[in-house]
Amino acid sequence: MAPPVVRGTAVWRYFGDFRDVLLAGQVLVLQVAHPVVAAGVRDHSDYTEDPWTRLMRTAASLSIYVYGGADGARVEAARLRKLHRTFTGIDHGHRYSALDPAAYAWVHATLVKVPVDVQRFFGRPLSALELDEYYAQMCDIGRTLGVRQRDLPPDWAAFEQYYADMVASFEPNDTITTLLHTIRTVRKPVRWLPDRWWWPLRRRQAQAQLFLLRATLPPEFRSRLGLQWTLADQRRFTRFRRVVRILGALVPPPLRTAHMRWVGKLNVWLRAHPWAYRLLP
């Protein structure tokens, strides 16, 4: 049994690191690489029409089940499973469900991997002891969310092998293509932002997101998607990593996750006091 997620433990220190946002595109691509997840997102997600709201809802949910305490995590887990129970359909002649155990476990696995990759790319890689504690805590969170025990590899080494085997089984699909197109053509987050300001901002954010996506995807899957990666790209990414690592080191460790902890506590309070939503803009 892993220790609870409290101050100083591995998940508390690493899961909500502000640098995790740098892998947002990577984790979305890897999630929808799973054919069941791809079908569910294609048929039931509104991310192409309203990606900003979708992003905020996802961040709120993550913050609750990691930083919202045991009771908050259980309530959010029940809400997620009730919501996903309605996400069913037909894909290539076969019925699918968003609660398909293997697909549900894979989505959790991608979230497990992100903070570890972020520290490997942009911070200080987790030690073996930290990895053991981090993975045990994330397994407890996975079980709370409804991931079956047999779908959770027993330790970090087994998890890495499972993760590599899953990535090796994936092929390009239409949902990935749509996601990449959405990154390039995303609508402005607020209506009052003038188009003449938004268009150059959109172009730059797309360039940055697609660069980071190509840089951080597993190389064999990046090649399978037809995304080019050159020696010049690698040198550029090495310089970027160095800058982010230096800037990240200037932020005291407790502050690196402060925003997610605050959002988690706020959302637990809002769920317990729904009348307060009327006061929000």
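Are D117 and K113 buried or exposed? Both are buried. Keep in mind that this is a predicted model.

Let me stay with that pair for a moment. The side chains of D117 and K113 form a salt bridge, 2.8 Å from N to O. Both residues sit in helix α6. They are 4 residues apart, about one turn of the helix.

Helix α6 runs over residues 101-122 and also holds T110. T110 counts as buried because its relative accessible area is 1%, and the cut-off for buried is under 20%. What does T110 touch, beyond its neighbours within four places in sequence? The contacts are V27, L30, Q31 and Y163. Take Q31. In sequence, T110 and Q31 are 79 residues apart. In space, their C-alpha atoms are 6.7 Å apart.

Next, helix α7, residues 128-145, where we find Y134. Y134 is buried, at 0% relative accessible area. Setting aside residues within four places in sequence, Y134 contacts A10, V11, F15, L111, V112, P115, V116 and L126. Y134 and T9 are separated by 125 residues, yet their C-alpha atoms are 7.8 Å apart.

R143 and D140 pair through their side chains, with N to O at 2.3 Å. The two are 3 residues apart in α7, so about one helical turn separates them. D140 is buried, at 16%.

Now helix α10, residues 195-216. It has 22 residues. From first C-alpha to last it reaches 31 Å, close to the 32 Å expected at 1.5 Å a residue. Several of its residues are buried, among them W198, Q205, L210 and F211.

T216 also belongs to α10. Why is T216 called buried? Because its relative accessibility is 4%. A polar atom of the T216 side chain lies 2.7 Å from the backbone oxygen of L212. Leaving out residues up to four places away in sequence, T216 touches L23, Q26, F121 and F237.

R214 takes us from α10 to another helix. D233 forms a salt bridge with R214, and the closest N and O atoms are 3.2 Å apart. D233 lies in helix α12 and R214 in helix α10, so the pair ties together parts that are 19 residues apart in sequence. D233 is buried, with 14% relative accessible area. R214 is buried as well, at 19%.

A word on charge pairs overall. Side chains of opposite charge can pair when their charged atoms come close. How many salt bridges does the structure hold? The count is 12. There is also a network of salt bridges, linking R13, R124 and E130.

Last stop, the surface. Which residues form a nonpolar patch there? V243, I246, L247 and L250 do. Together they have about 420 Å² of accessible area. I246 lies in helix α12, residues 231-249. I246 counts as exposed because its relative accessibility is 52%, and the cut-off for exposed is over 50%.

Key
Residues numbered from 1 in each chain as written. Predicted model: local features only at pLDDT ≥ 70, side-chain atom pairs only at ≥ 80, totals over all residues. Heavy atoms only, no water. Patch = residues over 30% accessible without salt bridge, like charges linked within 9 Å, V, L, I, M, F, W, Y side chains within 5 Å. Areas by Shrake-Rupley, 256 points an atom, 1.4 Å probe, with all protein chains shown as cover. Salt bridge = Lys/Arg side-chain N within 4 Å of Asp/Glu carboxyl O. Buried < 20%, exposed > 50% of the residue type's maximum accessible area, 1.4 Å probe, protein only. Expected span 1.5 Å × (residues − 1). Polar contact = N/O pair within 3.5 Å; in protein donor to acceptor, adjacent residues only side chain to side chain. Contact = heavy atoms within 4.5 Å.
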